[in-house]
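Biologist: I have a structure open and would like to go through it with you. Can we start with the rings and work from there?

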Amino acid sequence: MTAGFVLSADVWEFTDAYDSSGGYTPSGTVVYENVSLRLQNSPNSLEMNIQGYETSKFFSATVQPRPGMNLIENKHYFQVTSPPNHRNYQKMFRLVSIQEPNFHPADKRRYLIVNLERSDLSHSENFQ
């Protein structure tokens, strides 16, 4: 693991699935495993506090990309898998936006800065 990248995460890709009665069941698969990243809270703005956000749900992460990694906003989710004593262990984060660095794609120092939103599962659903 590269210095500073203290977490490992799996990247999930979700697809929308509607059943015959009109119900919605998201289904996902892991597309990348053990992606190195560094995660930190993003400060809430005054507007968000006025709208009722009392807890920080938005995060910024620095991700060490893999060759051929193609992340898609609002379709990919990060799930922290290591270390097990981290406060966000096994929590899901939806990819909101991606900021590309100005390094050459072959440069080993290349990284991605992504904005994430914590995704809380309702009724503790288990995805297929």
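Biologist: How many aromatic pairs does the structure hold?

Modeller: The structure holds 4 aromatic pairs. Rings of Phe, Tyr and Trp (its six-membered ring) pair if their centres lie within 6.5 Å; planes under 30 degrees apart count as stacked, over 60 as edge-to-face and the rest as tilted. This is a predicted model, where local features need pLDDT of at least 70 and side-chain atom pairs count only at pLDDT 80 or more, while totals for chains, interfaces and linings use all residues. Residues are numbered from 1 along each chain as its sequence is written, and side-chain values use heavy atoms, with hydrogens and water left out.

Biologist: What kind of aromatic pair do Phe14 and Tyr77 form?

Modeller: Phe14 and Tyr77 form an edge-to-face pair, 4.8 Å centre to centre with 75° between the planes. Phe14 is in strand β1 and Tyr77 in strand β4, so this pair ties together parts 63 residues apart in sequence. Strands (E, at least two residues) and helices (H or I, at least four) are DSSP runs, numbered from the N terminus.

Biologist: Is Phe14 buried or exposed?

Modeller: Phe14 is buried, at 12% relative accessible area. Tyr77 is buried too, with a value of 17%. Buried means under 20% relative accessible area, exposed over 50%, and partly exposed in between (1.4 Å probe, protein chains only).

Biologist: And what about the rings of Phe103 and Tyr111?

Modeller: Their centres are 5.9 Å apart and their planes are at 65°, so the pair of Phe103 and Tyr111 is edge-to-face. Phe103 counts as partly exposed at 25% relative accessibility, and Tyr111 is partly exposed at 29%.

Biologist: Which residues do ring pairs link into a cluster?

Modeller: Trp12, Phe14 and Tyr77.

Biologist: Switching to charges. How many salt bridges are there?

Modeller: The structure holds 2 salt bridges. A salt bridge is a side-chain nitrogen of Lys or Arg within 4 Å of a carboxyl oxygen of Asp or Glu. In one of them, the side chains of Lys75 and Glu13 meet at 3.5 Å, N to O. Lys75 is in the loop between β3 and β4 and Glu13 is in strand β1, so the pair ties together parts 62 residues apart in sequence. Lys75 is partly exposed at 29% relative accessibility, and Glu13 is partly exposed at 24%.

Biologist: Which residue forms a salt bridge with Arg94?

Modeller: Glu117 does, and the closest N and O atoms are 2.4 Å apart. This pair links distant parts of the chain, with Arg94 in strand β5 and Glu117 in strand β6, 23 residues apart. Arg94 is partly exposed at 22% relative accessible area, whereas Glu117 is buried at 14%.

Biologist: Now the inside. How many residues are in the largest nonpolar core?

Modeller: The largest nonpolar core has 19 residues. A nonpolar core is a set of buried Ala, Val, Leu, Ile, Met, Phe, Trp, Tyr and Cys residues joined through side-chain atoms within 4.5 Å. Those with the most contacts inside this core are Leu37, Leu39, Val63, Leu71, Phe78 and Leu116. The elements giving two or more residues to the core are β1 (7-15), β2 (27-41), β3 (58-63), β4 (76-82), β5 (92-99) and β6 (112-119).

Biologist: Which element gives the largest share?

Modeller: β2, with 4 residues.

Biologist: Where is Leu71, and what does Leu71 touch?

Modeller: Leu71 is in the loop between β3 and β4, and is buried at 10% relative accessible area. Not counting residues up to four places away in sequence, Leu71 touches Val11, Tyr32, His76, Phe78, Leu95, Ile98 and Leu112. Contact means heavy atoms within 4.5 Å. Leu71 and Val11 are 60 residues apart in sequence, with their C-alpha atoms 8.9 Å apart.

Biologist: Is Ser60 buried or exposed?

Modeller: Ser60, in strand β3, is buried at 16%. Leaving out residues up to four places away in sequence, Ser60 touches Arg38, Leu39, Gln40, Ser42, Ile113, Val114 and Asn115.

Biologist: Last topic, the backbone. Which peptide bond is cis?

Modeller: The bond from Ser82 to Pro83 is cis, with omega near 0°. Pro83 lies in the loop between β4 and β5. Gln90 lies in the loop between β4 and β5 as well, and has a positive phi of about 65° although it is not a glycine. Asn34, in strand β2, has a positive phi near 50°.
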